[in-house]
Amino acid sequence: MKVGEVKRSVRLDKLLSDQGIGTRSEVKELIRKGRVKVNGETVRRPELSVTESDTVSVDGEELRRASFEYWLLYKPAGFLTAVQDAGRPVVMELIPSKRKGLSPVGRLDLETEGILLVTDDGLLAHRLLSPKYHVEKTYYAELASDLPADAAERFSRPMEFSDFMAAPAVSFEELEPRAARLTIAEGKYHQVRRMFAKIGCEVVTLRRESFGFLTLEGLKPGEARSLTEKEVRQLREVCRMMEHGE
Ligand code: URA
């Protein structure tokens with residue numbers, strides 16, 4: 001190694017879970033069972049430090065260090081949350097990358113605009129969507145009629161639908177008689193529109209302003225940007241903390 005050159009090291013279990021092999025506890029189990037080798041030697045310590053020059057294999061198969069892409073899109077209304085469609089514009093047309101395997105994390109309705117994460121990191125996407133991880137999403141809604149006086153009170157209680165029970169909203173803010181901001185930690189189909197319908201208000205404009213700690217700041221409708229390395233680390237950290245119930 002040249003003087004001054006620093007090789008970044010990472011814990012073996014973190015490397016394996018970041019590469020999508022499994023959750024942190026699943027990969028620890030794999031390591032303990034002796035299914036993981038580093039430079040041809042079976043290792044049983046999840047905390048072992050490895051660097052880029054180490055060869056890691058799982059069940060005899062060498063790990064290709066995948067690098068994932070993470071995009072944040074300001075989805076405009078009128079774009080379908082899909083990879084492709086016969087005829088209608090889809091969100092993937094707005095992502096400046098040809099990487100195969102990229103897909104939206106969750107979905108926004110055709111007429112909903114706002115923040116949408118797009119990645120080929122399947123494990124992270126799966127975690128962010130899991131109800132277990134409770135990622136908070138904030139929506140700005142414009143309504144066809146005035147909010148009822150008891151709107152805040154009704155959103156603070158569970159709401160029963162024919163197919164599911166919505167948890168109490170994380171927060172609700174009346175901005176104007178016909179505009180509000182609602183934060184929920186779930187993502188059932190049409191959930192926000194259905195919650196407003198339940199209190200007698202039809203949503204005419206819906207914009208997702210944030211997804212976890214990610215916001216629309218700096219983006220205009222139709223624009224996408226790559227997540228920074230710091231943001232990717234933060235997203236992984238959020239998932240790790242939730243996995244451990246912290
Ligand atoms: N809730 C909705 O009703 N629609 C969306 O697009 C997102 C959340």
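How many helices and how many strands are there in the protein? There are 6 helices and 17 strands, where helices (H or I, at least four residues) and strands (E, at least two) are DSSP runs numbered from the N terminus.

The model is a predicted one, in which local features need pLDDT of at least 70 and side-chain atom pairs count only at pLDDT 80 or more, while totals for chains, interfaces and linings use all residues. Residues are numbered from 1 along each chain as its sequence is written, and side-chain values use heavy atoms, with hydrogens and water left out.

**View 1. The whole protein, with its confidence and extent.**
The average pLDDT (the predictor's confidence in each residue, from 0 to 100) is 91, and 94% of the residues score at least 70. Residues 1-6 have a pLDDT below 50, and this stretch has 1 contact in the model beyond near neighbours in sequence, a contact being heavy atoms within 4.5 Å. The C-alpha trace spans about 65 × 40 × 35 Å along its principal axes. Of the 246 residues, 44% count as buried, where buried means under 20% relative accessible area, exposed means over 50% and partly exposed lies in between (1.4 Å probe, protein chains only). Among contacts between residues at least 6 apart in sequence, 62% join residues at least 24 apart.

**View 2. Strand 9 and its partner strands.**
Strand 9, residues 113-119, is mostly covered, with 7 of its 7 residues buried. Strand 7 pairs with strand 9 in the antiparallel sense over 6 bridges, two strands being paired if DSSP finds at least two bridges between them; Tyr-74 stands opposite Ile-115 of strand 9. Strand 8 also runs antiparallel to strand 9, joined to it by 2 bridges, and here Ser-103 is opposite Thr-119. Strand 15, in contrast, runs parallel to strand 9, again with 2 bridges, and Arg-207 in strand 15 is the bridge partner of Glu-113.

Strand 10 (residues 137-143) is mostly covered, 6 of its 7 residues being buried. Strand 14 (residues 179-184) is joined to strand 10 by 6 bridges, and the two run antiparallel; within this pairing, Tyr-139 has Leu-182 of strand 14 as its bridge partner. Strand 15 (residues 203-211) is likewise antiparallel to strand 10, through 7 bridges, with Thr-205 of strand 15 as the bridge partner of Glu-142.

**View 3. The second largest pocket.**
This pocket has a volume of about 430 Å³. On a 1 Å grid over the protein atoms alone, a pocket is an open set of points with protein on both sides within 12 Å along at least five of seven lines, and lining residues have an atom within 4 Å of a point; the volume is the space filled by probe spheres (1.4 Å probe) set on the points, which are joined across faces, edges and corners. Of the 27 lining residues, the closest to the centre of the second largest pocket are Arg-107, Tyr-139, Glu-186, Gly-187 and Lys-188. Helix 3 (122-129), strand 10, helix 5 (191-198) and strand 15 each supply at least two residues of the lining. The lining divides into 13 nonpolar, 7 polar and 7 charged residues, with Ala, Val, Leu, Ile, Met, Phe, Trp, Tyr, Cys and Pro counted as nonpolar, Asp, Glu, Lys and Arg as charged, and the others, Gly among them, as polar.

Strand 2 pairs with strand 5 (residues 56-58) over 3 bridges in the antiparallel sense, and Ser-57 in strand 5 is the bridge partner of Lys-37. The loop between strand 2 (36-38) and strand 3 (41-42) holds Asn-39, a residue other than glycine whose phi is positive, near 50°. Asn-39 counts as partly exposed because its relative accessibility is 43%.

His-190, in the loop between strand 14 and helix 5, has a positive phi of about 55° although it is not a glycine, and at 29% relative accessibility His-190 counts as partly exposed. Pro-89 is found in the loop between strand 7 (70-75) and strand 8 (103-104) and is partly exposed, with a relative accessible area of 31%. Leaving aside neighbours within four places in sequence, Pro-89 is in contact with Gly-78, Phe-79 and Leu-80.
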